[in-house]
Amino acid sequence: MTESAAVENHTTVAELDSYPPDSSSAGASGGWRELFSRQYAASASILAGGVALYAMNLYFTAALMPSIVAGIGGERYYAWVATGFLMAAVIASMLVSRLLDRLGAARAYVLGFLVFGAGAVVNALSPSMAALILGRVVQGLGGGLVAGLGYAVIRGALPERLWTRAAGLVSAMWGVGTLVGPLLGGLFAQLGAWRWAYVLLLVAALVLAALARRVLPGRSGAGHGSGPVPLASLLLLTLAAAAFSVSSTVPSGRPTAVCLLTGLALLAGFVAAERRASATVLPQQTYRAGNPLKWLYLTVAVLCAGVVAENFIPLFGQQLGGLGPLVAGFLGAAISAGWTTAQLFSVGIESARGRALAIRTAPLVLVGGLLVYGLSQTGHASGLRVALWAVALFGAGTGIGLAFPHLSVAAMRSSNDPAEGGKAAAAINTTQLIAFSVTSALAGTLVNLGADSPVDSARYMTFGIAAITVLGVATATRTARSLGK
């Protein structure tokens, strides 16, 4: 794949000054018809299908969690279900380039789908929250691999004129999760059959594994993707997420503060370790002076932090709006619905000025939507108030969709070296997973701070996430400068 076909060279200073590097085909723009032509449709379908399964699993679980807690208990570990899945996915994403090189696209995808399916089996049979969290960790390992492959193979499998469309398609699969996940998850919850939801995920994983084996190429690696795993960085990152997660289970006050400060210290240690290490979680060029990739990844992280609110919105929809599981599940997916809708239009922006404007605007729109949702929280909400929540959340998601396809393609074009460009693209998924896992753990703590009042819980969580996304105003501005004014 991409890494195995690469020539071992590094980004030059000249390339950094003209980021993203010029390409003879960069100005060409392929359309949706070409992407879904006979030549590219099979590959595009697998890339999209894997991310769709990953996203659907998230919304399945978000919609099912109130019913799961009612059935097996463990409410205090609510956030751990998401954090365990996401941290395992981060670890698995580190193996994407190595597995592509050693196994090839077909076997790597099959492995990811089968591991994901094994986790679904554990979830379906879980007698307790501890068992469910274990199943989610296994699912995360498979899901992180599948989601990472979706971004990693775009550059090698498709011509550059289709990268923006393909990145938009892969990201748009969150929309499939937005629609199918809450619908089916809420339906299973309504029927009191949440375990069967995971059986359905198992079947979908097996079908996609069989399809991947048929249509994707086998191993063609030459050893370039088999470098050492960044164990020190991963350990620090995992411990940071664990510290944030523990903060949601200890008593409020000093114990919570200690856990949060410990998590922040470990994150700082992660960055320090990355800057010194030869094997890193993010591409090494991220840490070079003057390279704009650091701002790009921070912008991705901040935008994705806003999506974490969806893990808790179905719960608040039931508690504050009196919604049933099915409707509450759809409310929880409103941010991703806005994300998907906006990016289907955003991929058509071709000018450098237009892309830069979209990136600059994105965090402002996201923060605005979250603030409206948080300020409008109230107990025993009317139907009109619930509709306002949906509109505000959908609007917040459009901010993410404005910028995301252009951030993905900018990462792919960050180097003329195919290996470095492929790693930079795969790191988009890694950055998403890191942001999801850390913010999910923090959100669980904020929810527990208002445990005596669902309204307070909803506001603490929403305003806390909004405070994180405000940082994106600065990082998006720095990123946009590198793309052209």
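**Briefing: an all-helix predicted chain, its pocket and its cavities**

H380 sits in the loop that runs between α16 (352-375) and α17 (383-412), where helices (H or I, at least four residues) and strands (E, at least two) are DSSP runs numbered from the N terminus. The model is a predicted one, in which local features need pLDDT of at least 70 and side-chain atom pairs count only at pLDDT 80 or more, while totals for chains, interfaces and linings use all residues. Residues are numbered from 1 along each chain as its sequence is written, and side-chain values use heavy atoms, with hydrogens and water left out. The chain has 20 helices and zero strands.

**Confidence**

- The average pLDDT (the predictor's confidence in each residue, from 0 to 100) of the chain is 79, and 87% of the residues score at least 70.
- Over residues 1-28 pLDDT stays under 50, and for this stretch the model has 63 contacts (heavy atoms within 4.5 Å) beyond four places in sequence.
- Residues 221-225 also have pLDDT under 50 throughout, with 14 contacts beyond four places in sequence.
- Where pLDDT is low, the predicted coordinates should not be read in detail.

**Burial and core**

- Of the 485 residues in the chain, 59% are buried, where buried means under 20% relative accessible area, exposed over 50%, and partly exposed in between (1.4 Å probe, protein chains only).
- Among contacts with a separation of 6 or more, 84% are between residues 24 or more positions apart.

**The largest pocket**

- Pockets and cavities are found on a 1 Å grid over the protein atoms alone: a cavity is a set of points where a 1.4 Å probe fits but cannot get out, a pocket is an open set with protein on both sides within 12 Å along at least five of seven lines, and lining residues have an atom within 4 Å of a point.
- The volume of the largest pocket is about 780 Å³, a volume being the space filled by probe spheres set on the points, with grid points joined across faces, edges and corners.
- Its lining has 26 residues, and those nearest the centre of the pocket are L267, V271, L298, A301 and I434.
- Two or more lining residues come from each of α11 (254-276), α12 (293-305) and α18 (418-449), and α12 has the largest share, with seven residues.
- By class, the pocket lining has 20 nonpolar, four polar and two charged residues, with Ala, Val, Leu, Ile, Met, Phe, Trp, Tyr, Cys and Pro counted as nonpolar, Asp, Glu, Lys and Arg as charged, and the others, Gly among them, as polar.

- Eleven residues line the largest cavity, and L58, V307, V308, E310 and N311 are the closest to its centre.
- Helices α3 and α4 (78-93) each supply at least two residues of that lining, with α3 giving the most, three residues.
- The lining of the largest cavity comprises nine nonpolar, one polar and one charged residues.
- The second largest cavity, with a volume of about 100 Å³, is lined by eleven residues, of which T61, A62, M65, A82 and N311 lie nearest its centre.
- For the second largest cavity, too, α3 and α4 each supply at least two lining residues, and the lining has eight nonpolar, two polar and one charged residues.

**Individual residues**

- C304 lies in helix α12 and counts as buried because its relative accessibility is 0%.
- Beyond four places in sequence, C304 touches F404, Q432, A435 and F436, while C304 and L433, 129 residues apart in sequence, are 8.6 Å apart in space, C-alpha to C-alpha.
- T256, in helix α11, is buried with a relative accessible area of 5%, and its contacts, leaving aside neighbours within four places in sequence, are S247, V250, P251 and T445.
- H380 is exposed, at a relative accessible area of 82%, and has a phi near 55°, a positive value in a residue other than glycine.
- Most residues other than glycine have a negative phi.
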